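Below are questions and answers on the chains of one model. Each answer ends on the value or name asked for.

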Amino acid sequence: MASLPPYLSASERVWHYVFRIICGLTFFFLIFPLVVVVPLSFNAVPFFTFTKEMLAFDPAGYSLKWYEDFFTNLNWQGAVRNSFIIGFFATLLSTTLGTLAALGLSRPNLPAKTLLMSILISPMIVPLIISAAGMFFFYSRIGLQGTHIGVILAHAALGTPFVVITVTATLVGFDNNLIRAAASLGASPTTTFFKVIMPLILPGVISGALFAFITSFDEVVVVLFVGSFKQRTIPWQMFSGIREHISPTILAVATILVLFSIALLFSVELLRRRSERLRGIQQT
Amino acid sequence: MANTVQQSEELFTADGTPLQVSLARVHRRQKLRALLLVAPLFIFIFITFVLPIGDMLFRSVENAIVANILPRSTKLLANWDPSFGELPSEKVFAALLKDLKESHKNRTITRVGQRLNYESPGMSSLFRSSGRKVKRIKEPPYTEALIKANKGWGQIETWMLIKHFSPAYTDGYFFAAVDAKRLVSGEIIRVEENQRIYLALFVRTLRLSFIITVTTLLLGFPIAYLMAILPTKISNLLLIFVLLPFWTSLLVRTTAWIVLLQQQGVINEFLIMVGMVNTENRPEMIHNEFGTIVAMTHILLPFMVLPLFSVMKTIPKSYVRAAVSLGAHPWLAFWKIYFPNTVPGIGAGAILVFIIAIGYYITPELVGGTTGTFISNRIAYHISSSLNWGLGAALGVILLGVVTVLYLLYDKIVGIDNMKLS
Amino acid sequence: MKFNQSTFATVFVSTLLAFSGPAMAKTDLVVVSWGGAYTASQQNAYHEPYMKMNPDIKIINDDSAPQAVAKLRAMNEVKNVTWDLVDAVASDAMRLCEEGLALPINADKDLAPAPDGTPASKDFGDLIVSECFIPQIVYSTTFGYRTDKVKVKPTSVCDVFDLKKIPGKRSLEKKPINNFEWALLCDGVAPNKIYDVLGAKGGVERALKKLGTIKSSVIWWTKGAQTPQLLADGEVVIGSTYNGRLFSLIEEEKQPVAMLWDWQVFDLDGWIIPKGTKNLKAVKKFVRFATDTKRLADQAKFISYGPARKSSAPLVSKHAKLGIDMKPHMPTDPNNAKTTLLFNYTFWADHQDDFTGRFEAWLAK
């Protein structure tokens with residue numbers, strides 16, 4: 001880490017380190033449960049307990065059977081496939097529609113703004129169980145219950161409020177003069193959008209898209225009602241059989257997903273750095 | 001483009017139209033464009049969400065079931081006046097008999113019995129047993145025969161109840177949702193002490209959601225700030241830390257917290273190992289409010305961090321440096337310059353966390369014990385188990401109303417669109 | 001109005017299939033059940049053997065049973081029932097039957113007789129609690145306790161209410177059903193008067209008062225998976241759950257837990273055929289097979305729930321994986337069934353909503 005600027009006072013130096021310790025503790029809090037999940041996914045008994053054998057590092061206390069179950073069980077395979085397909089399309093739909101709407105909502109002369117905003121974020125406000133029941137009835141009537149399209153539409157509806165909120169928040173600080181400058185230089189509205197607006201609101205769009213994806217990926221109530229067995233997602237599979245037992249396979253699934261996402265995010269980050277290096281961009 | 005004005009009062013644009021007209025035209029076009037941007041999402045949400053939910057919420061007042069299943073009796077009961085203290089006439093009993101026979105055949109009798117049972121326990125067994133017995137009643141006088149089949153028909157309250165709930169729309173569910181009851185006499189009373197749940201649950205849900213919003217803010221603001229001021233390559237790595245918990249599903253995170261917080265759990269064992277806690281007095285950190293707060297703070301923290309981070313990233317670092325160079329103490333610079341710029345992010349994050357927290361029920365059900373459960377849990381129970389969809393919908397409407405009011409308040413006070421400097 | 005997307009897809013896929021060689025016209029039967037070990041036992045005892053004998057039938061497991069009642073009601077409202085057979089507990093089956101959402105069954109005509117010729121209605125006897133219900137298993141809600149954490153072995157269900165004899169936490173289901181009965185029993189009410197007292201004025205208060213004596217030591221569970229986990233962790237020293245879960249805990253996972261069968265409450269789990277099913281003939285044929293004497297005894301090889309037929313009881317043999325004799329683990333075994341209660345379906349059908357409300361209000365204080 002770069003050394004602290006020389007003009008800081010003693011108390012500021014202390015605060016500098018204290019602050020980082022506080023943040024460190026918070027990050028630890030965030031991943032603390034993962035620290036528990038990973039070893040438990042190797043548990044030999046189907047319980048969420050650190051058995052004596054495990055604590056003594058006795059190999060008999062450890063087993064790969066939950067991973068085996070995950071990879072051989074057709075139900076899980078279908079669930080993973082469905083989760084990603086549904087999540088991807090739902091996110092695509094909600095991000096596109098949500099970003100467009102957010103742009104419209106931050107225009108100064110939009111009529112009935114508060115009313116429109118309330119309706120557009122209503123999927124987030126209505127209690128999920130009511131949304132699930134309502135959508136179940138309605139989609140059944142129009143033949144969408146038990147179809148992939150039905151679940152995708154439902155999840156897209158649930159995801160758009162996140163995109164709308166995060167993108168409008170990012171647009172608050174947006175300087176409209178930039179648009180006027182681009183127009184004065186001859187850019188068409190689409191060019192302005194992609195070259196000027198988009199790069200600046202990208203953090204908001206991405207964080208909204210992320211929320212939308214996670215909402216779909218982690219969602220269980222709506223998919224239980226609107227979907228049927230063919231649309232079973234990872235959460236569906238996790239809650240399945242919970243009358244009898246909570247299978248530790250869910251811990252194996254969680255560990256695999258975590259490793260997968262670490263790998264994914266690392267490679268995205270490495271690619272980003274590489275592209276910046278190639279383009280000669282200095283780190284800020 | 002306005003012409004420079006000389007002496008005349010009216011301004012004209014280059015093509016000769018009055019400036020006002022031209023301006024109005026441009027404004028209209030801009031409004032239209034803004035609406036067009038919003039339209040696709042609006043139509044989408046309207047069809048896939050508003051219509052279905054409206055349908056569901058409508059069930060909170062819908063009450064056609066009684067008149068549909070007991071058509072003849074409800075029609076005649078409209079003319080009956082209970083204030084005379086007498087049972088309805090023989091004609092009404094005859095109509096009821098026909099209705100009961102028919103609904104027993106169509107298997108709709110238990111539905112109407114159940115619906116009335118929500119208002120007065122005992123109705124469902126009345127209808128069920130009557131359904132079985134009315135087959136044998138063939139000859140008048142029907143009044144005595146029906147009362148003999150079941151005493152309930154001889155009680156004026158039964159008839160008052162049916163009459164009261166004959167109309168197609170009812171407010172009964174809403175009263176039940178706030179622990180009240182409208183007696184057949186018309187009076188509105190609070191339900192007995194030992195049956196009051198909903199108001200207390202609403203209050204508890206709001207209170208805990210508020211606490212969770214505050215804790216996520218307190219924990220989330222520092223790390224969002226750290227990520228915003230650090231170079232991108234480090235902050236992106238830290239972002240991975242924030243996003244990791246998202247990949248572990250809700251059920252996994254909740255059970256992990258159970259493993260950590262329970263009496264024989266990891267944290268307690270650790271505390272005993274370092275001697276901070278006696279094995280007899282292990283703190284109860286789960287199956288209570290504390291468990292709900294901790295688990296939900298953990299689950300909702302990323303929802304606070306990400307909007308804050310994306311807003312903070314757009315705040316130029318030069319602002320604070322400028323303030324300090326002008327002589328402000330770093331703390332003052334932070335509070336006066338940096339913090340106000342983060343308010344949109346705080347607002348977005350707080351709204352997200354609060355609203356999501358209110359609607360949660362799976363986590364509070366698993367870790368909340370009896371003191372940490374939320375109102376949505378009751379809604380889920382009514383939709384899935386007791387099948388009292390009217391009450392579930394009424395509770396949902398109230399919850400929705402409360403949240404909408406809070407959202408509007410937040411909009412008034414903080415505003416999602418006017419946090420510029422000065 | 002049917003959405004064209006799915007019809008297009010069906011036509012497209014079936015055209016593809018038609019061109020993909022000598023394919024058999026398979027009928028898909030959607031069987032809804034509870035998932036986990038329970039569905040696995042059905043798969044092993046019923047579905048696999050049947051599919052082997054009938055290659056033109058494919059049985060698909062859908063584990064939506066927890067939402068079954070709500071979904072069936074809604075499916076009927078929109079007149080589109082996509083399920084063929086639903087596993088339901090007796091109380092739900094009765095409710096569905098009363099509302100006309102399940103089809104009535106003629107036991108002697110539709111179900112197989114016992115090997116010695118006894119008609120099905122006699123073989124199942126009183127367990128056919130509703131004309132739509134096809135009983136499958138008898139299970140009970142009963143207690144298990146940590147043998148290494150109790151000072152004295154509990155012998156009566158009232159020990160659960162005795163904090164001095166059995167100190168520590170207990171786990172009870174977050175429902176008034178069973179808890180109210182046990183509370184009144186241990187408050188001195190005679191077993192045959194429980195429902196009279198409970199239904200009379202002050203009955204609920206009396207039960208709640210008794211439960212109140214242990215309230216602060218209770219962890220309330222909502223899913224069957226919870227008590228075994230709590231017992232394995234040592235979070236509770238004694239807890240109620242379904243007997244099959246305790247069997248798993250004790251015999252399969254070898255945890256230091258023992259059963260307390262005193263005043264176990266019997267309940268029934270079985271099939272109902274939803275009204276509006278599109279494969280009525282095929283599903284009836286399947287049900288006849290899946291509920292015959294041998295099949296019900298076979299299910300006991302995989303899970304410790306008692307077959308509902310009298311003729312199946314002597315056929316109960318060894319656990320398919322563990323090899324131990326299953327008879328002593330059946331809730332219906334005479335050694336275990338010395339004191340039992342049978343779930344009073346009519347009583348709870350009438351009072352469940354009201355009592356649950358009062359129970360929840362009491363819990364929340």
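Q: What radius of gyration does chain C have, against the rule for a compact globule?
A: In this predicted model, the comparison uses C-alpha atoms and a globule rule of 2.2 Å times the number of residues to the power 0.38. For 365 residues the rule gives a value near 21 Å, and chain C agrees with it. The radius of gyration of chain C is 22 Å.

Q: How are residues and chains labelled, and what pLDDT do local features need?
A: Residues are numbered from 1 along each chain as its sequence is written, while chains are lettered from A and ligands numbered from 1 in the order in which they are written. As the model is predicted, totals for chains, interfaces and linings use all residues, side-chain atom pairs count only at pLDDT 80 or more, and local features need pLDDT of at least 70.

Q: What percentage of chain C is buried?
A: A residue is buried if 20 or more other C-beta atoms, placed from the backbone, lie within 10 Å of its own, exposed if 12 or fewer, and partly exposed in between. The C-alpha atoms of chain C fill a box of roughly 75 × 45 × 40 Å along the principal axes. Of its 365 residues, the buried part is 51%.

Q: How many helices and strands does chain C have?
A: Both are DSSP runs numbered from the N terminus: helices are H or I with at least four residues, strands are E with at least two. On that basis chain C comes to 14 helices and ten strands.

Q: Which element gives the largest share of the side of chain C that touches chain A?
A: Two residues are in contact if their C-beta atoms, placed from the backbone, lie within 7 Å. The contact takes 30 residues from chain C and 26 residues from chain A. Elements of chain C that each supply at least two residues include α1 (4-18), α2 (36-53) and β2 (57-62). The largest share, four residues, comes from α10(C).

Q: What is the radius of gyration of chain A?
A: Chain A comes to 13 helices and zero strands. For its 284 residues the globule rule gives 19 Å, and chain A is well over this, so it is more spread out than a compact globule. Its C-alpha trace spans about 70 × 65 × 35 Å along the principal axes. The radius of gyration is 24 Å.

Q: Which helix of chain B gives the most to the side that touches chain A?
A: The contact takes 81 residues from chain B and 80 residues from chain A. The chain B side divides into 58 nonpolar, 16 polar and seven charged; Ala, Val, Leu, Ile, Met, Phe, Trp, Tyr, Cys and Pro count as nonpolar, Asp, Glu, Lys and Arg as charged, and the others, Gly among them, as polar. With 20 residues, the helix that gives the most is α1(B).

Q: Are helices α11 and α14 of chain B parallel or oblique to each other?
A: The axes of α11 (residues 232-247) and α14 (residues 289-312) of chain B come within 9 Å and cross at roughly 135°. Axes are lines fitted to C-alpha atoms over the stretch in contact, with angles from 0 to 180 degrees between N-to-C directions. Angles under 35 degrees count as roughly parallel, over 145 as roughly antiparallel, 65 to 115 as roughly perpendicular and the rest as oblique. That makes the relation of α11(B) to α14(B) oblique.
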